[in-house]
Amino acid sequence: MLKSKTILLTIFSLVFLVASSFPAQAQKEDQKEKKVYTGRPVLWHAPNDIESRNLLLGAGGQTMKPDLSRVTFVEEKKGGWSTKYTVRDGKGNEWVAKLSKEAQPETAANRLVWAAGYETEIVYLVPELEIQGKGTFKNVKLEARPKNVKRDGDWPWQGNPFDGKPEFQGLKIMMVLINNWDMKDENNAILATRGVTTSDRRYIISDLGATFGKTGGVISRSRNKPSDYVKSEFVKGVKGNMVDFHYGGKNGKLLDNITVEDAKWLAGWLRRLSDNQIRDAFRAANYTTEEVDMLAGAVRARINTLANLSGNSGR
């Protein structure tokens, strides 16, 4: 009888200890969320190694590639145009799996933006992926969610720390170059090192899915349609020293102050990419050989257009 009472008392004590730890744990989580990250804003680093950048692997390289031996479903992520799941790979690392026609263009766009020196997500395209608990899917984009990375909100296209700087002007041109018609603030993200409030705050464009189609009007816009991309116009002309782009997407007024010098600044970097590197960006996204050639050729043509612009005082 005494032994039974002792066991019951032990069980009650353990239950009480576990229950009492919940508020403390919740308080710790709240404290984490309340941390203010004040580190230096970073958008771009000079890609002095641009000629050797591997556009098949992108920013994550070989070391960050997901372990596909076992990929399990965690939860569905709500919001946005695409179906997205949080998944866990064979090593226990978490990823956001995007299952839509945005997966391919976003992977290619990510590679090109990274090649030009901009901070980006770490992404890989898996041609066929089994997600245990959900099924098998083709052309799945996996976007890394490292445990040491804090996602610290989004950033605005207007009124950010980089307004007027060459790298920000270049980023806007980059969006036109890839026909990203969905330039809105909620597609941008700030990344920091979790727990280190003074670490660099990396400003990225997190969603690049509405690319490599045509910007057009609200009804005629397309994404991941190579035939639309290669046929779409890029630059209307130069008015004085300002570049006039063909762009029918969101936030078009962002392009009103792009100069010939801004365009040449970006082209100066992009021209250093080889044709094979540009093709690798599209190979990484599992496009067909024909599509790779079409898209890479169109990107090269746009880079050359930027490089060859000249200011004038005419129309």
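1. **Ground rules.** Because the model is predicted, local features need pLDDT of at least 70 and side-chain atom pairs count only at pLDDT 80 or more, while totals for chains, interfaces and linings use all residues. Residues are numbered from 1 along each chain as its sequence is written, and side-chain values use heavy atoms, with hydrogens and water left out. Helices (H or I, at least four residues) and strands (E, at least two) are DSSP runs, numbered from the N terminus.

2. Two strands pair here if DSSP finds at least two bridges between them. Axes are lines fitted to C-alpha atoms, for helices over the stretch in contact, and angles run from 0 to 180 degrees between N-to-C directions.

3. **Strand 4 and its partners.** Strand 4 (residues 94-99) is mostly covered, with five of its six residues buried. Buried means under 20% relative accessible area, exposed over 50%, and partly exposed in between (1.4 Å probe, protein chains only). On one pairing, strand 3 (residues 83-88) runs antiparallel to strand 4 and is joined to it by six bridges. Thr-86 stands opposite Val-96, and Arg-88 stands opposite Glu-94. The two strands form a hairpin with five residues between them, and Gly-92 in the turn has a positive phi of about 85 degrees. Strand 4 also pairs with strand 6 (residues 135-144), again in the antiparallel sense, over four bridges. In that pairing, Trp-95 is opposite Ala-144.

4. Strand 7 and strand 8 (residues 188-193) run antiparallel and are joined by three bridges. Arg-151 sits opposite Leu-191 of strand 8.

5. **Helix 3 on helix 7.** Two packed helices are described by the angle between their axes and the distance between the axes. For helix 3 (residues 166-177) and helix 7 (residues 289-307), the axes come within 11 Å and cross at roughly 140 degrees. That makes helix 3 oblique to helix 7. For the cut-offs, angles under 35 degrees count as roughly parallel, over 145 as roughly antiparallel, 65 to 115 as roughly perpendicular and the rest as oblique. The crossing is right-handed, that is, the near helix is turned clockwise from the far one by less than a right angle. Ile-173, Val-176 and Leu-177 of helix 3 make the contact with Val-299, Arg-302, Ile-303 and Leu-306 of helix 7. Contact means heavy atoms within 4.5 Å. The residues of this contact divide into six nonpolar, no polar and one charged. In this scheme Ala, Val, Leu, Ile, Met, Phe, Trp, Tyr, Cys and Pro count as nonpolar, Asp, Glu, Lys and Arg as charged, and the others, Gly among them, as polar.

6. **Helix 3 on helix 5.** Here the axes come within 9 Å and cross at roughly 75 degrees, and the two helices are therefore roughly perpendicular to each other. From helix 3, Pro-166, Glu-167, Gln-169, Gly-170, Ile-173, Met-174 and Leu-177 meet Asp-262, Ala-263, Trp-265, Leu-266 and Leu-270 in helix 5. This contact divides into eight nonpolar, two polar and two charged residues.

7. **Helix 6.** In helix 6 (residues 275-283), Gln-277, Ile-278, Asp-280, Ala-281 and Phe-282 are buried. The buried residues of this helix pack against helix 2 (103-115) and helix 7.

8. **Two asparagines to look at.** Asn-139 has phi near 50 degrees, a positive value in a residue other than glycine. Asn-139 lies in strand 6 and is buried, with a relative accessible area of 18%. Asn-224 also has a positive phi, near 50 degrees, and is found in the loop between strand 9 (201-205) and helix 4 (226-231). At 14% relative accessibility, Asn-224 counts as buried.

9. **Thr-259.** This residue is in the loop between strand 11 (242-245) and helix 5 (260-270). Thr-259 counts as buried because its relative accessibility is 17%. Leaving aside neighbours within four places in sequence, Thr-259 is in contact with Asn-241, Met-242 and Val-243.
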